[in-house]
Amino acid sequence: MVLKLEHVTKRFGKFTAVDDLSLEIPEKEMFGFLGANGAGKTTTFRMILGLLDSSGGQITWDGKPINYSTSHLVGYLPEERGLYPKLKVRDQIVYLARLRGMTKSKALIELKSWLERFKIPEYENKKVEELSKGNQQKIQFIAAVVHKPKLLILDEPFSGLDPINVEMLKEAVLALKEDGATIVFSSHQMHHVEEMCEHLCIMHKGSPVVHGGLKEIKRSFGKKNLVIHADFPLESLENYPGVVKAKTTMEGIQLQIEGEYIAEKILKEIVGKGFIRKFSLEEPSLNDIFIEKVGNSYE
Amino acid sequence: MNSFWIILFHTYLNKLKSKSFIITTIITVVIVLALTNINNIIDMFDKNGGKDKVAVLDESGQLYEPFKKQVNTINKDINLTLYQGSEKEAEKAVEKGDFKGVIQLRYNNEKLPEATFKAMGIADSALFTDLQTGLQQLKTMLAASQINLAPAQLQKLYEPVSFEKFALEKNAKTEEELNQARGLVYVLLFIIYFSVIMYATMIAMEVATEKSSRVMEILISSVSPIKQMFAKIIGIGLLSLTQLAAFLIVGYISLTNNLESVKEGFFGVYGFSDIPIGTIVYAVIFFILGYFLYATLAAFLGSLVSRIEDVQQMITPMTFLVVGGFMIAMFGLGKPDAAFITITSYIPFFTPMIMFLRVGMLTLPAWEAILGIAILLATIIALAIFGARVYRGGVLMYGKSNSFKDIKKALQLTKNE
């Protein structure tokens, strides 16, 4: 059940939204899709779902194209949340689940267990428009997963939620992955992807700029972060050779350096100047990588 | 169950249970009941059982009986009573409402009758005219006898002139038949016009609601947009048939209950006493085809807007087409055989109303109606294919979209370059 995108391209007239994208997402994997606004994430999702035809290339899942005959195996949480405002939660979920090939009685059982899990069982008979936005989003999530999809596509699942709800939703997503679903999700929030995905892809203007396993990406990025907290001024380090970027913080300084060997040199440089409370060499965050890869090409 | 049927019944049942649907149905049923019982209602408000009571002050003492006879032959509903009392008292009685009016009969110098009519108001010209005609006839009779005309001579004088009408066209309907057809066709045309606008708008709203609430994207990832579009069109179509069936059944039962009283009045003249089955069958066919034509149009227009507020603006051109068709049909009611009507009856967007008008009013060869139906069917199929493509792209488009350029954009979205 591998999801495979081979040289996928999508053009709208003269505008190229997705350009020669090739990806392979193994079964039971959580795959993160990153990208600035307009990078082509939603278009890619829509092509995976078969809502849009690609202008070139192939998308297959388990060797077959995804279309309406497989829709009962696929779950989708669109970026723009939307449910029928006038329908009751129960009718809504049952209707959408039946369209995904579920029977009414099974859908009701699933709905109840999901509402319990999200601690909102009392909303079953409420109209969607009466719910708060966060709760609407939970209902939306239930709508995407109620039929136990094997392939789940989540477009910005955590946006607009408070931290408690984000945790709740994250747990749910991880549980689905444990149950054997392949999950593709997109986010602006790097730490979500960092926390949850083994593999990821950073899109920029329709092309993948970074693609692969999280660890490899970080390793191959080369640059590291160095955090120093000390009692003496550290400003002089900003112009130290090998320092790419520097940011002064309340307690000290945060440097981006070209490699581990620079850290060694810096340590020798500052030892003896005073008390060093912290000297820590850190892996680059996904945020750094994203800003570097996407930000650079903005210029 | 197939997703097509799920959507169809979801659309149908949801609308059926909605408050607005139930309220409009009830209001219309009340109107239908009122219309079919119009005679009873008029009678109810008329204290004297629909009869106009008029007091007669006969100064001559001879005119009352013959006058009453004459008036009764003209209008049975005028109830004349010889009033024993003074003029003042009679006027008082009229003011009290005991009588509609008081008529004073007397002879003039030439021994011919003349009269004065007094009533609270003189707006009721029908009563006045009937009384006048009655007296006129009486006067003619008296005048004739005064100049000693023999009954045979008198009869000759009154003999109606012979005037015959012939239609050279075979099977042409007589004026009377045309009048009868006109009433029924008018009502059915109005139903077609009204329902097409109402239900087509309903579909456009339905699509736009799903789009603006963004539930559309989940829907189209589950079920193909084309399937959705047709499930919706048929679902709302069933709804319209349900509503119309309710009106027709209520109307029919109510009409047959009042058949006797209704036959005599307004409905009889306009052809409701014996409804030709053919006209009804054609009405149903053209209603269904007209509905599909405009519903398909409305569905894809609805798919182009992102906000419900824009729906009206988007479907305005469509509404104009329906209104235009209706206007032409109204003109055609008076002149169903005009060349203009014949031509427009083959223009697909007008066919449902105008071809129906023609088959209802004229005696058309079957091929003309069939050709009209065929043109309609072909247009519906073409529009459905085109509409489905626009719909597929349109539902994915957001932004300030309310121009027809968006049709191009929507088509481009579905294109597989």
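Among the contacts in chain A of this predicted model that link residues at least 6 apart in sequence, 69% join residues at least 24 apart, where two residues are taken to be in contact if their C-beta atoms, placed from the backbone, lie within 7 Å. Because the model is predicted, local features need pLDDT of at least 70 and side-chain atom pairs count only at pLDDT 80 or more, whereas totals for chains, interfaces and linings use all residues. Residues are numbered from 1 along each chain as its sequence is written, while chains are lettered from A and ligands numbered from 1 in the order in which they are written.

Chain A has nine helices and 13 strands, these being DSSP runs numbered from the N terminus (helices H or I, at least four residues; strands E, at least two). The C-alpha atoms of chain A fill a box of roughly 75 × 45 × 30 Å along the principal axes, and 38% of its 299 residues count as buried, that is, with 20 or more other C-beta atoms within 10 Å of their own C-beta atom, all placed from the backbone.

In chain B, the domain assignment gives domain 1 (50-158) and domain 2 (174-414), with bounds that come from an automatic or database assignment. The C-alpha centres of these two domains of chain B lie 55 Å apart.

The contact between the chains takes 24 residues from chain A and 18 residues from chain B. On the side of chain B that touches chain A, helices H1 (3-17), H9 (216-222) and H18 (405-414) of chain B each supply at least two residues, and the largest share, five residues, comes from H9(B).

Conventions: A residue is buried if 20 or more other C-beta atoms lie within 10 Å of its own, exposed if 12 or fewer, and partly exposed in between; C-beta atoms are placed from the backbone.
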